[in-house]
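This report describes one protein model for a reader who is new to structural analysis. Please keep the sequence and the three-dimensional view at hand while reading.

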Amino acid sequence: MKISLNWLKQYIDLHESPEEIATLLTATGLEVEGIEEVESIKGGLKGLVVGQVTNCIPHPNADKLKLTRVDVGTDEPLPIVCGAPNVAEGQKVIVATVGSTLYPTTGEPFQIKKAKIRGEVSEGMICAEDEIGLGQSHDGIMVLDTQLPNGTPAAEYLQLSSDFVFEIGLTPNRADAASHMGVARDLKAVLKRELKWPKVNDLKPAPNSKGVDLSVENTEACPRYSGLTIEGVTVQESPEWLQKYLKAIGINPTNNVVDITNYVLHAIGQPMHAFDAAAIDGQKVIVKNLEEGTSFTTLDEKERKLFAEDLMICSEKGGLCIAGVFGGINSGVTEKTTTVFLESAYFSADSIRKTAQRHQLKTDAAFRYERGTDPNLTLYALKYAAQLILEIAGGRVVGQIHDIYPQPIENFLIDVSYSRINQLIGKKLSTREVDEILAGLEIQQENKTEENFTAIVPPYRVDVQREADIVEEVLRIYGYNNVELQPTLSSTFLSEFPKKDADSLQQETSRLLSGAGFNEIITNSLTKHQYAEASASINSEEDVHILNFLSEELNVMRQSLLFSGLEVLERNIKRRQTDLKLYEFGTTYHKKNNKYTEQSRLSLFITGAQAQESWLDKSRLVRFHDLSQVVYQLLNKFGIHQLDIEEASSDVFAYGISLSYRKKPLVYLGKVNPKLAKLCDVKQEVFYADFDWEALQKYYPLTIDFEPLSKYPEVKRDLSLVVDKSIKFEDIRKLAVKNTGKLLTGLRVFDVYQGDKIGANEKAYAMSFFLQDQQQTLTDKVIDKTMQRLINVFEKELKATIRR
């Protein structure tokens, strides 16, 4: 549902920004899914100003052109070549300055540039109506009658104003908010401001006149039906203000009468329909059901077979309209219409819903009727629409103003206790606060005591039927964010605080790794004591020995998942399964200072070929970066970024790195030391990662923050550095991050070189730097300054040579 801010301001005073209003609406349950700025003229006339022609002489090289100088409030008047026949010295005009973009009434937009026309410099353009999208005239430039100073924005002179349109994700229960007035009601309750309903005068039909007669046969499906006749109507294009409001919310104007019915619908939420009275045979409207199978052609020119349960608006000879859903092809208002019968009704939600579903028709009217409209609004809306028609299309009201309402629909009465409100909300509100909120929502009270009251809910609030609904109304206006949830708070109506579920996290991680081609293994926690003795990084004195071990092969508890994993690799390799990706969640066991501890670990193993050879790709052996890619993917899943990288010092690895987060090591990864691999009779290269699973779970976020993609472009700059062999890429990365702030969004190495073209103790990094500003488009000046700062830092800190 679209809501125009300018339209909304007709019904309530609003001084807040569009963003603030969106926040308020979302907090009340009317979730704003987006805000769009709508300009009355495309481009908003940006770069166009009021100017004054200070000099005008013929062009020396063109008979139909003139050389002008135009004062636009700058130090010097602008030289402008103009071809308009009516340009003259002293005129106030609209000038498009260099760099501005014009959106003409017809044709493609174009940008104003500094140019030479027949040898003379022109630094702008004096504009005609059609050139800036104001009209169709191209007879000459616009000559203004104004005392505004030169340089005043043209939008200010023309009093152009932007509008903001809210896209609201309306839930099915909030039919009462399906209009600008409905949205204003919620803002009234939150901001405690008064509504401004449009004033409607009493309509006085012309004396001794006769209009269309009316009868309702099915009062169950149509509890209330209001209607009147207006003759002498001139059907034509709607005025600009009316078209502007409709276009803002995505409705194409049709004609003044139809546009008024649409306007009233979206203004106050009452669906309406206008009939050409000349198409009403017998000059009588009858609300009834027709026989099963009756043919009826709707406005979309489709012939439909009616069901016996379909409520119809009929004349004496046949159907005019499917009530509350869709009009008939022969009864709509056209340019030839001079007499209009205007309908404003309240239909049963069940009846409309079933009819719309049977015929698969979705209209704005049906959307509201099937959710429930206000039965007390029909007559007001009828008079309001009639008043607008009389003002815009002319004519006079004739005959009787009908309002058939045999059984008025009562308010809903709900018994409520203040203690129940506080119990369900989880916070004690004063009776005064509750009473003020309900009054703001137009919910009255009776039989009021200190403990209880009876809520009188108007019938348009079809979603408020129980005590719990009253509590919800109070809470959404009071503000969900204003209810503090204390750690000790308990209630049968509130769910527990979210907890990190270790099993769920393990399942999520398993799905990620399995999706990456890994297979899970489960190995024995009992192992050989020789494994710990073979590695200097594993302290054999911390082994947990088994007192009654069954064999020398299984006499201690493992301190690492490495060797049990290597044993699995060995068994598979012997069976010619050489290309393996494995992972294991397991526990390691340690004895320190006569105390026993356990640690939860996650291990990854990859060995053999990265992929099978095919016609598309050649086979290759796995590399370190095949493992590191999976490791970073897993860390990203846990929301862990900004890692510290160091070279792994453990003899478990032939080479490797450790990744730390908040100064705590999270994972070690690298190539397994061949000496240790041979202990398990594994001779091919193995890459291994060892995660601290408990730490990973600790850092897993309970909530995830999202931010929109930047609308400003990303810039890439390449740089090649020659540095000492001891300089690591991580050293370069840290310096780059430190000296670019938030501008650096990515850093990528696309080549590393060592060879005879540089020194024996040197290596060259070729890198791409990705820069982006979240607030604005980066200029060449800012980009060059940033890259130069990086170059200076690399030269100073790393003694780097920049290859240009």
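Does R118 count as buried or exposed? The model is a predicted one, and in it R118 has a relative accessibility of 53%. Exposed means over 50% relative accessible area, so R118 counts as exposed.

**Two residues with positive phi**

R118 is placed in the loop between strand 9 (115–117) and strand 10 (120–122). Its phi is near 50°, a positive value in a residue other than glycine. Most residues other than glycine have a negative phi. A second case is N594, which is not a glycine and has a positive phi of about 60°. N594 belongs to the loop between strand 32 (580–592) and strand 33 (595–607). With a relative accessibility of 65%, N594 counts as exposed.

**Overall form**

The secondary structure of the protein consists of 20 helices and 41 strands. Along the principal axes, the C-alpha trace spans about 115 × 85 × 60 Å. The radius of gyration is 39 Å, whereas a compact globule of 804 residues would have a value near 28 Å. Of the 804 residues, 48% count as buried.

Contacts across the sequence can also be described. Among contacts between residues at least 6 apart in sequence, 70% join residues at least 24 apart. The accessible surface comes to about 42,600 Å², and 47% of this surface belongs to carbon and sulfur atoms.

**The largest nonpolar core**

Which residues touch the most other members of the largest nonpolar core? They are L187, V257, Y263, V264 and L342, in a core of 55 residues. Helix 9 (residues 378–392) gives the largest share of this core, eight residues. Residues up to four places away in sequence being set aside, L187 touches L8, I12, L14, I21, L24, L25 and K192.

**Three further residues and their surroundings**

I132 lies in the loop between strand 11 (125–126) and strand 12 (143–144). Buried means under 20% relative accessible area, and I132, at 2%, is therefore buried. Apart from neighbours within four places in sequence, I132 is in contact with I41, L45, L48, I94, L102, Y103, C127 and M142.

V568 is part of helix 15 (residues 562–574). With a relative accessibility of 10%, V568 counts as buried. When residues up to four places away in sequence are not counted, V568 touches I521, T523 and L582.

E541 is found in the loop between helix 14 (529–534) and strand 30 (544–545). E541 has a relative accessible area of 68% and is exposed.

| Pair | Separation along the chain | C-alpha separation |
|---|---|---|
| I132 and A279 | 147 residues | 44 Å |
| V568 and V652 | 84 residues | 17 Å |
| E541 and L562 | 21 residues | 18 Å |

Notes
Residues are numbered from 1 along each chain as its sequence is written. This is a predicted model: local features need pLDDT of at least 70, side-chain atom pairs count only at pLDDT 80 or more; totals for chains, interfaces and linings use all residues. Side-chain values use heavy atoms; hydrogens and water are left out. Helices (H or I, at least four residues) and strands (E, at least two) are DSSP runs, numbered from the N terminus. The radius of gyration is taken over C-alpha atoms; the globule rule is 2.2 Å times the number of residues to the power 0.38. Buried means under 20% relative accessible area, exposed over 50%, partly exposed in between (1.4 Å probe, protein chains only). Contact means heavy atoms within 4.5 Å. Accessible areas come from the Shrake-Rupley method with a 1.4 Å probe; for residues, only the protein chains shown count as cover. A nonpolar core is a set of buried Ala, Val, Leu, Ile, Met, Phe, Trp, Tyr and Cys residues joined through side-chain atoms within 4.5 Å.
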